[in-house]
Amino acid sequence: MQWIELTVITTTEAADIVANALEDCGSYGASVKDPADLEAMQRPEGFWDMIDESVYADFGDTVRVTGFFRQDASLGDSISNVKTKLNWLKSLDLGGIDLGTLEVTMGELNEQDWANNWRKYYKPTRVGNDFIIKPTWEEYEKKENDLIIHMDPGMAFGTGTHETTAMCLELCERYVKEGDDIIDVGCGTAILAIAAMLKGAKHSIAVDIDQLAVDCAIENLELNKMSDKVIVKCADLLSGTEDSCDVMFANIVAGIIVMLSPDVPARLKKGGRFICSGIIREREDEVREALLAIGMQELETRRRGEWVAMCWEMM
């Protein structure tokens, strides 16, 4: 089968928004190619030991988000929907997020390219001191103290660990304790719930409103032999939870974290930690004000690129 690639030129901070827009229009997954990811991975403490020059050439110097659409009778409607969705995004108040040009280009892709070629960008990745994110098809020689997260992103394409997730994993490494109960709001692939269990958490509930994300989370839990330890629910924010927890993750976006904040005290034990990210720097103070208003104390804030991650304690 032939596929059509629709590629949108955008910015680092808007890449996730554009990827979600393409998927809303019927894309079978979205691939983000961001030169900033490669620069981050070349840091001395970086993720990959070496990146082939051909990978640099393929990334270019712009942020490109590509959606994949079947070349069938629905293609015309899909293209029209993408253009309408992008115009709609331009009309929104996104709190200062620069969407970039949102220029769209189109190309063809065959089934073999779709299935395999993107995998060359996805390598074993070290995050923090101990976490290793390992694609299922890659070899990795385990080192002492390594905590390996086995991941198969399936339709969730990407070229490396996003800053928001990386910072959450680092905060997880520091603040999750043996025996903790966990709630992961907007869990996506369930990577944070899996990481928490590797740190010794007793039980986790992972919640996402997107059924595709829930299915992906379930598959990754099976890969990590944690299906009996983590409950995955398709629900909106905390509506799928009843019990309280020691640590709550919310790697979403600033506006949703602010919306979620009034419900946090009912689900977070006294002394519990709230780890949140997906916050652009321009909205950091807005999130801080919302969490101070519910009586929380700020423990730590990390910043990387355009993004902010925080850990707060319930007083």
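**Notes on the fold**

1. C187 counts as buried, at 6% relative accessibility; buried here means under 20% relative accessible area, exposed over 50%, and partly exposed in between, with a 1.4 Å probe and protein chains only. Before going on, please keep in mind that this is a predicted model, in which local features need pLDDT of at least 70, side-chain atom pairs count only at pLDDT 80 or more, and totals for chains, interfaces and linings use all residues. Residues are numbered from 1 along each chain as its sequence is written, and side-chain values use heavy atoms, leaving out hydrogens and water.

2. How many disulfides does a search of the whole structure find? The search gives 0, taking a disulfide as a pair of cysteine sulfur atoms within 2.5 Å. For C187, the closest cysteine sulfur is in C216, 8.9 Å away, which is too far for a bond. C245 is another buried cysteine, with a relative accessible area of 1%.

3. The sheet is open and has 7 strands, in the order β10-β9-β8-β11-β12-β14-β13, with mixed pairing. Strands pair if DSSP finds at least two bridges between them; helices (H or I, at least four residues) and strands (E, at least two) are DSSP runs numbered from the N terminus. The edges are β10 and β13 (296-304), each pairing on one side only.

4. Strand β9 (residues 203-208) has 5 of its 6 residues buried, so the rest of the structure largely encloses it. It runs parallel to β8 (residues 181-185), joined by 5 bridges, and D184 stands opposite A206 of β9. Another 5 bridges join β9 to β10 (residues 230-234), also parallel; here I205 faces I231 as its opposite number in β10. The chain goes from β9 through helix α8 (residues 211-223) to β10 in a right-handed β-α-β crossover, meaning that, with the strands pointing away from the viewer, the path from the first strand over the helix to the second runs clockwise.

5. I182 has V247 as its bridge partner in β11.

6. Finally, the largest nonpolar core has 62 residues, and V65, I149, L169, V176, F249 and I275 have the most contacts inside it. Such a core is a set of buried Ala, Val, Leu, Ile, Met, Phe, Trp, Tyr and Cys residues joined through side-chain atoms within 4.5 Å. Apart from it lies another core of 22 residues, including L237, L268, C276 and M310.
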